[in-house]
Amino acid sequence: MFRFILRRVLAGVVLLFVVTSIAYVLLYLGAGDIARQLLGQDATQEQVAQMNAQLGLDQPVLVSYWNWLTNALTGDFGTSWFTQQPVVAAISSRVAVTLSLVIGTVLVTAVVGTALGVWAARKRGAADRTVQVVSVLGFAIPGFLIAIFLVSIFAIQLGWFKPTGFVPLTTSFVGWLSTVTLPIIALSVGAIAAIAAQIRGGVIDTMRLDWVRTLRSRGLSENRVLYKHVLRNAAGPALAVLGVQFIGLIGGAIIVEQIFAIPGLGQIATSSTAQGDIPLVMGLVVVTALITVIVGIIIEILHGFLNPKARVS
């Protein structure tokens, strides 16, 4: 297990280097006249040149990236060019908000998606067709449209939830729940559809295998065969899909956060990208890549726990 984790960590380091280098080069080449934006149109050419030197934009892109990388390895990601706030402080104050939405969405997706998939696989008939139709609709409808619908009906018209804002979990659990319920539902619909379809197919295929019939012939109850053996075998592919969904949900959360005015990574991601704020955007790239690597390792470990063959390999 230690060697496995070490290999994944090393692969993650390589991934971080590749992602950050590509992102930095693209941002640098597309930065435009950042100094002019910061100083205003009345600034002289001498002032613009001095600002470019201060920002490191007068250097070749590889030299500039190397300077950023060496500082980043020490934990110094620089300061936002437009807000003058340290990048680490700007991201750390918001990443917990976004992760609370994403983790809550993953938990809801895993529970509801698995329940729907097992229900469809066991009942078949009308239940199966209903889950398949719901899955197709969940894939087809964008999350931001679902978010707008939820806000209009349950927040504005019915007043059951707060339409905007965010209450930290440490402040009030009820307040936190009232502000994250609708965003989590909006993010969960598409993910639930994917997991339900995966679980349904996996359970149906596994139930046809010879070893399942052998377990039944030994007198094991249908529920024990299903939940202890079949579901564990069928959950491996669904777990991989859930891991991919987790990464995709970070991007989806950025859009949903804008609709619900939640102070997560979405606000600074949108503004910093539009402005070409390289230090802040690079900090977001690193955080996203780190989350991707960590989630990948966790998914691999859980997959090995569920599937002994994968554990051995």
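Reply: Contact means heavy atoms within 4.5 Å. This is a predicted model, in which local features need pLDDT of at least 70, side-chain atom pairs count only at pLDDT 80 or more, and totals for chains, interfaces and linings use all residues. Residues are numbered from 1 along each chain as its sequence is written, and side-chain values use heavy atoms, with hydrogens and water left out.

Me: Which residues is Thr 105 in contact with, leaving aside its neighbours within four places in sequence?
Reply: Thr 105 is in contact with Ile 184, Leu 187, Ser 188 and Leu 249. Its place is in helix 5, residues 87–123; helices are DSSP runs of H or I with at least four residues, numbered from the N terminus.

Me: Is Thr 105 buried or exposed?
Reply: Thr 105 counts as buried because its relative accessibility is 0%. Buried means under 20% relative accessible area, exposed over 50%, and partly exposed in between, with a 1.4 Å probe and protein chains only.

Me: And Val 136, buried or exposed?
Reply: Val 136 has a relative accessible area of 54%, so it is exposed. This residue is in helix 6, residues 125–140.

Me: What about Thr 179, and where does it lie?
Reply: Thr 179 lies in helix 8, residues 173–207, and is buried, with a relative accessible area of 3%. Its side chain reaches the backbone nitrogen of Val 167 at 3.5 Å. Not counting residues up to four places away in sequence, Thr 179 touches Lys 162, Gly 165, Phe 166, Val 167 and Ile 262.

Me: Changing topic: at what angle do helix 10 and helix 11 pack?
Reply: Helix 10 (residues 222–260) and helix 11 (residues 265–275) pack at about 100°, with their axes 8 Å apart. Helix 10 is therefore roughly perpendicular to helix 11, a label given to angles of 65 to 115 degrees. Axes are lines fitted to C-alpha atoms, for helices over the stretch in contact, and angles run from 0 to 180 degrees between N-to-C directions.

Me: Which residues meet there?
Reply: From helix 10, Ile 254, Glu 257 and Gln 258 meet Leu 265, Gly 266, Gln 267, Ala 269 and Thr 270 of helix 11.

Me: Lastly, how many residues has the largest nonpolar core?
Reply: The largest nonpolar core has 74 residues, and Trp 68, Ile 91 and Val 203 have the most contacts inside it. Helix 10 gives the largest share of this core, 14 residues. A nonpolar core is a set of buried Ala, Val, Leu, Ile, Met, Phe, Trp, Tyr and Cys residues joined through side-chain atoms within 4.5 Å.

Methods
Helices (H or I, at least four residues) and strands (E, at least two) are DSSP runs, numbered from the N terminus. A polar contact is a pair of N or O atoms within 3.5 Å; within protein, one must be able to donate a hydrogen and the other to accept it, and residues adjacent in sequence count only if both atoms are side-chain atoms. Angles under 35 degrees count as roughly parallel, over 145 as roughly antiparallel, 65 to 115 as roughly perpendicular and the rest as oblique.
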